4 protein chains.
Amino acid sequence: MKQDKKQNKKQKKTTQHRYGLWLIGAGGGIGGTVALGLAALSKKLADTTGLVTGLPEFENLGLTDPENIVVGGHEIRKEGFHESIQGMHLESGVIGANVIDACKTTLRSWQRNVRPGVVLGGRNHIHKLADQGNVKRVSTGQEAVNVIAEDLSAFRKKYKLTHVIVINIASSEPPLTPRAEHATYAKLWKALGTKSDKILPTSSLYALGAFAADCSYINFTPSVGMRVKAIEEYAKTRDVLYIGRDGKTGETLLKSVLAPLFAMRHLKILSWIGHNVLGNRDGEILSNPAVKVSKIKSKEQLVSRIVGYQPVTRTSIEYIPSLADWKVAWDYVHFEGFLGTKMNLQFTWTGTDSILAAPLVIDLARLTALEHTSGRRGAMPHLSCFFKDPYNVDEHNFFEQWRLLIDYVTCGIGTDQEPGSTDEA
Amino acid sequence: MKQDKKQNKKQKKTTQHRYGLWLIGAGGGIGGTVALGLAALSKKLADTTGLVTGLPEFENLGLTDPENIVVGGHEIRKEGFHESIQGMHLESGVIGANVIDACKTTLRSWQRNVRPGVVLGGRNHIHKLADQGNVKRVSTGQEAVNVIAEDLSAFRKKYKLTHVIVINIASSEPPLTPRAEHATYAKLWKALGTKSDKILPTSSLYALGAFAADCSYINFTPSVGMRVKAIEEYAKTRDVLYIGRDGKTGETLLKSVLAPLFAMRHLKILSWIGHNVLGNRDGEILSNPAVKVSKIKSKEQLVSRIVGYQPVTRTSIEYIPSLADWKVAWDYVHFEGFLGTKMNLQFTWTGTDSILAAPLVIDLARLTALEHTSGRRGAMPHLSCFFKDPYNVDEHNFFEQWRLLIDYVTCGIGTDQEPGSTDEA
Amino acid sequence: MKQDKKQNKKQKKTTQHRYGLWLIGAGGGIGGTVALGLAALSKKLADTTGLVTGLPEFENLGLTDPENIVVGGHEIRKEGFHESIQGMHLESGVIGANVIDACKTTLRSWQRNVRPGVVLGGRNHIHKLADQGNVKRVSTGQEAVNVIAEDLSAFRKKYKLTHVIVINIASSEPPLTPRAEHATYAKLWKALGTKSDKILPTSSLYALGAFAADCSYINFTPSVGMRVKAIEEYAKTRDVLYIGRDGKTGETLLKSVLAPLFAMRHLKILSWIGHNVLGNRDGEILSNPAVKVSKIKSKEQLVSRIVGYQPVTRTSIEYIPSLADWKVAWDYVHFEGFLGTKMNLQFTWTGTDSILAAPLVIDLARLTALEHTSGRRGAMPHLSCFFKDPYNVDEHNFFEQWRLLIDYVTCGIGTDQEPGSTDEA
Amino acid sequence: MKQDKKQNKKQKKTTQHRYGLWLIGAGGGIGGTVALGLAALSKKLADTTGLVTGLPEFENLGLTDPENIVVGGHEIRKEGFHESIQGMHLESGVIGANVIDACKTTLRSWQRNVRPGVVLGGRNHIHKLADQGNVKRVSTGQEAVNVIAEDLSAFRKKYKLTHVIVINIASSEPPLTPRAEHATYAKLWKALGTKSDKILPTSSLYALGAFAADCSYINFTPSVGMRVKAIEEYAKTRDVLYIGRDGKTGETLLKSVLAPLFAMRHLKILSWIGHNVLGNRDGEILSNPAVKVSKIKSKEQLVSRIVGYQPVTRTSIEYIPSLADWKVAWDYVHFEGFLGTKMNLQFTWTGTDSILAAPLVIDLARLTALEHTSGRRGAMPHLSCFFKDPYNVDEHNFFEQWRLLIDYVTCGIGTDQEPGSTDEA
């Protein structure tokens, strides 16, 4: 009987809440796969393989169903969800043609929610990608933030959404040079009133725009996003949740389980070399050395943080167009065992980036929606297992991060507390 | 001041307790490396890299120091500790010649504790290895058990040892065919009085001999050892500790951290193929198909137990003499992600078997000595992270097994309780 | 002007000669890909990548164009060209859906040339694959040969073909046990008149049938085929060409260029280990240990034949259904350099078997057609670079085999002599 | 009887001719291994594994025996042959301690032939390596050339050598910027009279010094050496032989057999990615980006030259000190087969650089000595199979290069012609 009641409540909830998933950089491979994936899940054309929230541990939390999530986003290129998915199918040999066809109408409908990307001044490494006509040019940072917030508010209104979750899946940016204006929100906002395009990177303008519209913000890339003191200050004043940064999908994910293994067996890592080759737009952007720095930093710091000393670490990235959406990572771990003996482990990871990332983006949306409905606000450290560089969490051992998530799930923070708030909602 | 006191107590304890480490199969590469390793640690010629008990977490438990461990064993071949280590140095290019020279005297002295291997009837796959003259032939199982127990008792007496820990590092045996006599100790002992050599495998006779002499028994191989109902029954009546089986040193260790990763990311393992090539005597023995079955079973069951479903798993082993003590394992993991996409991970592990195993054998001896001194008896489930097929423990996820060990350590089962018993000793 | 004339002649020839390509085992992945490939080449939907005869060296030889080749074959299963290609597309992610659609009519038309596979007595390992109804059961070997020859003659007549080339791409068979009847054709034929199914394997019955119908015979598998003294004797009396055996498409191809490298640098190969995992029907058949022996022998002998001494060689094969038509081969080469130093090379080859094999089958058909039109008969040693175990050729170094082919091509054996015979035809 | 005579003659020759092998950069791992190798071969403590000239094809050419070769060289560091070999033994686990001990006296004796490295002005990337006191500083290029030539003449005189062969095995240099003075020897020599250190790199000064002393010059590195028009002009006027550049020992060697394979099977290479990690001084020097450029250029050009089109090629190099003399190269070859199917080959090469290079250096010395005694002068294109970027030879397919060498050997250019010149000598 208890079950019936829960069942009942769940059905009610399903009809009561709808959430928005807003993708910054909607037109890339991840964006297309997120949209297609949600559509396919709703239509029961895909199972939950690859979705963490599809595991039995997450079954009774009252997570929102895929059919209650509406997709929108910003994008500077003209390519839409359907085109990008067809490109993946033809060039990378993934996703069945029948599933793509069956979801075409939904993808086209969501495509109408995609707004022109906001470009401030003369930002360079993006220019080549920005097709004529799908860009909203602005001259100050304040203007950018306002445009973004308005786009988000309009989206929420149009679909009567309970909450909108903004997830940054746009191309990586170069690292940020610190400035005095980053210290407080007041100083920052003032500086953003000038015509300078040097104050904040684009990802941070989007974070500010999201918070201004009371949307949660998740940074799935190594870009700066909300990692500026002034923005953090502002975030705390808004009705939002946040977490990031840089989704942990492949090579780094493996590092985060293998490095602890070496530590626990007291095997000394002498050197850890990683070489990544990839063919998608992320790779193309990363062929810009300034951008590559951000990504490599995000990937490299992890091993020494886990083992507690500094082995020689090297990470390199090459853009190889023939690989299309595939990414191949070769890692060579040189380690020392008993009596000074040097041994090695090498692995090759062959994965499709978008296919690995998309379900995690959906997971993050669902888990943030749950957290929002449960009434909590602020950072979400229990989601650190999704990120290479988790916000305000020093733990990089994947299994310890996983425990944070499982503790959250089993301590009833989901189910037990939610019903109350749900009933009142 | 508290520190001084502890320091003091530790010094006292060091002089009070001496432990014996008795190796079944002392003359192989692992045996030589264990002996050399203990000698080198005592002489400060080696650091604790590779020893789990060398990690900071184990620092204040009051573990016995390497200099308090005396080595002995059984062996059917004539090759001794020093010869086997020199062979490793020359053929496998490991362990510095200077360390070997400096430890020569200790190795020679321990060599005098090595007793002829006990051989019952006409056991075949061992025969080729058994040099003339270093074998004690017996005609019944009872006789075998008695000889083994007497050798152990003499060793304990000779060195006035607090406790002797028997660790089986002999070559793998074929799987056991169940027999009616295995049901109770009474039936088993009676059957062992006959001239049959079919009742129990050699590893089980050694386990019985160890228990008869009140020595703890640890099975580092996939052989049967104490995994017979009647022997378990007997073990509970003796003043002993026990755990096993099959040390987790390389490929399977990796499986036990990678399989959980796939599970936690909800990536479906389609097939897991492992191919192992190795050049040492273990490999030579494993070229016997009947023996190979035991090893492969021990290696294969793990993945499905961790993920909860049965992927296609294949494990093969080839004996390649040119590799000497090196072992190369190639694993190919074929898995499915979101939207039916097939991806793969492959790794190559290149390690020296003896160098990886030996420090774990020393760890097991130290941790068993601690447990014995602490007054506990029976199985030691907290040591399951050392084994491919841990005794009475269903957990195969390495990090969960590690937690069992860390919980044991941090719950003061070591330090807090020991001082008391030590003081009274 | 000379060119114009040649151009002219070529056009003439194209309209004059049509050839038949008869596939034993037409319904598998290779058969489907050969048929689709020929159709796609004719329709200019595929370029010649993967076809040796598409290289510039073969341009002016007067090779027949793909549109002049008609496909037929024998097959015991019901699956046809189109079904097998669609299976490849869906399960292995290869070949564009648009190409398959465009060639559907041709595939269906050729499907009507596929005759039921001939099954003598109660042959076991094939039975499971033989769908009810697509098998022609016969009770003596003579009957089998006659049915096969009649099928071939009917095919030649139907399309008014200049010559029919029979290529065996059926599943591998176990090795042959020599018998007294294999010594002469007279004895053999007499024995084939009895009801025994032990005299010859199926592949040899097909070879006899091909020769009886004056068709050339090429064995692309490790099966026995024409490698029986009595069949060789018979072949020499017929108007045919022949070569084999076992197409060199992947791992062995690499061995045939890497082993010479080690030899020429005087690096001593200590051990060469190969582990092959594959998911297609060939793999399924090879999971039968008796069959596996043939394949492994064909793969292993090569290294020692090239380097002139016998390293330790190991080759293993595992059937892994999830790989579908993909084959992954991991090879580990352990070698010794100067001053006794051991080093290693390892490689992983990831290829789709049918895609690699099919263009070589087309090459062999074209090159045999050329040779036939040029008036030569008997063995074709210049085609040895296509095979793991070339007929009557001891050379296994790929580059020496390649030279045989290039010498054949450049010595005008093709162009120069052909015009004469063509004109007279 | 003919054999006896040859035998006789060979013995005579052995006592008549002694050759000098002069190593530029004698103190590195290759230098130490060359010296040790020659000493060990002379004392029959090593066999000829790894020496191309140890193959049967080279047996009756009358090549000089190792005991007739005396070693000398230039070096800026203080480390000598014996120290560098001991370092290799301890850090890289190669070469038996007994061989090193047995050759110690010879190494020490040859060490006295090693002259201080010549340093012109303030050359930077070498400075860190140049220990105080083992450097001969000069202020003009002319002075450098003269010092080098005098050192070489003194060496020849001291040992009454028939001929001295100078082989450059020093660290790689950055690429050369072309200058007007490089056009003719007259202009160049004049410019070398000034105090500028910008005219020529060090490797070129050594080449000039070698030619000035009528010594043959072989460049085993990617540095410029004699590849300057003016130096080539000068070389033709001297009594010398020459060849280069950049010894082909590992990854590139593999490329030169695998790229032809793809070409001959008409498989289209889409991308070829190579990642090299190495721990010796060559690696340390290569961590200088300007120097790395030379090496990478030498490694990359090869694939496109062999296949005749330009795939995407990437080669990266990382200095990883823990690897000591070991070098690990991971290559990923992405290629397209029939019907647009993308497949891949990846390999990992694990070799010790010095052990692979040293025997080739000895081969080059022996083959140059033979050529010199045979009376020929100038370039030696038949030795192109030893080099990544052979002098005046466009052929990069290893097997075609090998054929050049074998044609040279079998056409009697060695044996048949030599006796005459030997008799007269």
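**View 1. Chains A and D superpose by rotation.** The model is predicted, with local features needing pLDDT of at least 70, side-chain atom pairs counting only at pLDDT 80 or more, and totals for chains, interfaces and linings using all residues. Side-chain values use heavy atoms, without hydrogens and water, residues are numbered from 1 along each chain as its sequence is written, and chains are lettered from A and ligands numbered from 1 in the order written.

**View 2. Chain B superposes on chain A.** The rotation is 180°, the shift along its axis 0.0 Å and the RMSD 0.0 Å. B:Phe347 comes closest to the axis of the residues of chain B, at 2.0 Å (C-alpha). Of the contact residues of chain B, 100% recur in chain A.

**View 3. An open sheet of 8 strands in chain A.** The order is β4-β3-β2-β1-β5-β6-β7-β12, with parallel pairing (at least two DSSP bridges between two strands; strands are DSSP E runs of at least two residues, helices H or I runs of at least four, numbered from the N terminus). β4 (135-138) and β12 (378-379) of chain A stand at the edges with a single partner strand each, so one side of each lacks a neighbour in the sheet.

**View 4. Strands β1 and β5 of chain A.** β1 (residues 19-24) and β5 (residues 163-168) pair in the parallel sense over 6 bridges. A:Leu21 stands opposite A:Ile165 in β5(A). Helix α2 (residues 29-42) of chain A packs on the sheet, touching β1 and β2 (69-75) of chain A. Its direction makes about 160° with that of β1(A) (axes are lines fitted to C-alpha atoms, for helices over the stretch in contact; angles run from 0 to 180 degrees between N-to-C directions).

Methods:
Least-squares fit on C-alpha atoms with pLDDT ≥ 70 in both. Contact = heavy atoms within 4.5 Å.
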